[in-house]
Amino acid sequence: MQRFKGKSLFAGFLLVSFGGVAIVHAGQSDPQPAASNSAPVAPVTERPVVDLRTWPKPNIDLSKLPNTEQSRLIKKGQALFVHTSEYLGPEVLDHSKRYAATNMSCSSCHRDAGTVPYAAPLIGTYGAYPQFQPRFGKTVTIENRINLCFTHSLAGRPLPEDSEEMKAMVAYIEYLSRGVPKGAKLIGEKEMVVEEPKRAANLERGEVVYKEQCAVCHGDNGQGKRVGMVGDRMGYIFPPLWGSDATSESASMFRILSTFQYVYVNMPFGQATYAKPALSKDDAYDVAGYVISHPRQPREGEVAKDFSNPYDKPEDFPWGPYVDSFNEVQHKYGPYDVIRSEDAAAREKLKKEKEAKGS
């Protein structure tokens with residue numbers, strides 16, 4: 001993480017111009033010219049698809065924004081996002097502003113101020129909410145989703161939804177999302193879906209990969225590399241991967257498949273891209289297992305209730321109970337195909353039971 005100073009075609013899709021950028025509408029065949037006396041053609045109503053790999057990157061140099069209140073909020077939101085520890089971290093002098101319990105920043109995972117495809121970009125996120133979140137078992141707002149990062153990834157407490165800080169972060173996400181149609185399916189969001197090796201992670205092999213590829217930035221003991229000194233609020237150049245200042249056990253990065261997919265296309269930093277990964281899948285999978293094998297801030301309070309409906313749990317969620325017969329160790333490290341098979345059977349059985357009851 002650096003401190004921030006101030007045509008692919010898809011089969012069966014229709015490309016429609018939107019602000020000079022191709023947007024893909026699912027399920028449409030090539031349109032036929034309408035006769036001059038025909039009825040007006042109905043507008044396309046299917047969910048648009050936006051490919052973030054080709055979408056113009058938003059300008060994250062905000063110095064040229066107009067002098068308005070909204071621009072002020074956008075700039076503040078970016079500062080909070082990139083320098084979270086400086087304004088909202090555990091070393092902030094005003095204890096009431098200590099919302100994050102680690103000295104990491106949002107941009108520790110959402111690379112380049114939230115603009116890199118397959119590195120949890122925020123482009124288009126504003127129009128994706130409200131949406132149903134299996135983790136909560138309900139529909140949530142964008143404010144709820146921001147607070148999920150504060151309570152889970154940053155191991156802290158939620159921002160008040162009416163606070164200046166929350167309004168600023170929402171304003172920055174709205175800025176990054178401008179031009180993306182509301183509710184669009186985003187290609188390049190989150191992590192790239194990559195099929196994992198069909199085995200359990202090899203932690204000993206993962207340790208070797210870590211020492212050879214990761215320790216130079218993240219430290220021999222996963223402690224990361226700080227900008228300055230402990231207590232200066234300036235956070236990390238390279239974030240810690242485990243220990244008391246890393247993400248909590250409830251973060252997505254404590255799940256091996258999320259970590260594997262992120263590492264495969266993003267690490268080592270400066271070498272890997274989604275188009276040309278630097279590590280093999282085996283190396284990325286094993287090092288992900290090695291990283292999540294280490295302790296970090298424990299799950300506590302409300303976050304321990306995540307995925308309270310066991311039918312909604314991801315296969316790599318390392319906390320029971322489960323609807324299958326496998327233990328927490330296998331859910332944490334794999335292999336996963338047998339878990340997926342049992343989970344699918346359990347969900348199908350539940351579906352048939354509900355249909356039989358007429359529910």
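Modeller: Pocket first. On a 1 Å grid over the protein atoms alone, a pocket is an open set of points with protein on both sides within 12 Å along at least five of seven lines. A cavity is a set of points where a 1.4 Å probe fits but cannot get out. Lining residues have an atom within 4 Å of a point. Grid points are joined across faces, edges and corners, and a volume is the space filled by probe spheres set on the points.

Biologist: What kind of model is this?

Modeller: It is a predicted model: local features need pLDDT of at least 70, side-chain atom pairs count only at pLDDT 80 or more, and totals for chains, interfaces and linings use all residues. Residues are numbered from 1 along each chain as its sequence is written, and side-chain values use heavy atoms, with hydrogens and water left out.

Biologist: How much space lies in the second largest pocket?

Modeller: About 700 Å³. Its lining has 34 residues, and Ser 108, His 218, Pro 239, Tyr 262 and Met 267 lie nearest the centre.

Biologist: Which element gives the most to that lining?

Modeller: H6, with five residues. Helix H6 spans 203-218, and the elements giving two or more residues also include helix H7 (256-266) and helix H8 (281-292). Helices (H or I, at least four residues) and strands (E, at least two) are DSSP runs, numbered from the N terminus.

Biologist: How does the lining divide by class?

Modeller: Into 23 nonpolar, eight polar and three charged residues. Ala, Val, Leu, Ile, Met, Phe, Trp, Tyr, Cys and Pro count as nonpolar, Asp, Glu, Lys and Arg as charged, and the others, Gly among them, as polar.

Biologist: And the second largest cavity, how much space is there?

Modeller: About 40 Å³. Its lining includes Pro 310, Tyr 322, His 331 and Arg 347. The lining splits into four nonpolar, one polar and four charged residues.

Biologist: Switching to helices. At what angle do H1 and H5 cross?

Modeller: Roughly 95°, for H1 (residues 69-82) and H5 (residues 164-176), and their axes come within 7 Å. Axes are lines fitted to C-alpha atoms, for helices over the stretch in contact, and angles run from 0 to 180 degrees between N-to-C directions. H1 and H5 are therefore roughly perpendicular. The cut-offs are under 35 degrees for roughly parallel, over 145 for roughly antiparallel, 65 to 115 for roughly perpendicular, and oblique for the rest.

Biologist: Which residues make the contact of H1 with H5?

Modeller: Among them are Leu 73 and Phe 81 of H1, and Ala 168 and Tyr 172 of H5. Contact means heavy atoms within 4.5 Å. This contact has nine nonpolar, three polar and six charged residues.

Biologist: What about H4 and H5, at what angle do they pack?

Modeller: About 105°, with the axes 11 Å apart, and H4 covers residues 142-153. That makes H4 roughly perpendicular to H5 too. Ile 142, Glu 143, Ile 146, Asn 147 and Phe 150 in H4 meet Met 166, Met 169, Val 170 and Ile 173 in H5.

Biologist: How many disulfides does the search find?

Modeller: Zero in the whole structure. A disulfide here is a pair of cysteine sulfur atoms within 2.5 Å. The nearest cysteine sulfur to Cys 149 is that of Cys 106, 6.6 Å away.

Biologist: Which peptide bond into Pro 268 is cis?

Modeller: The one from Met 267, with omega near 0°. Pro 268 sits in the loop between H7 and H8. The bond from Gly 320 to Pro 321 is cis as well, with omega near 5°.
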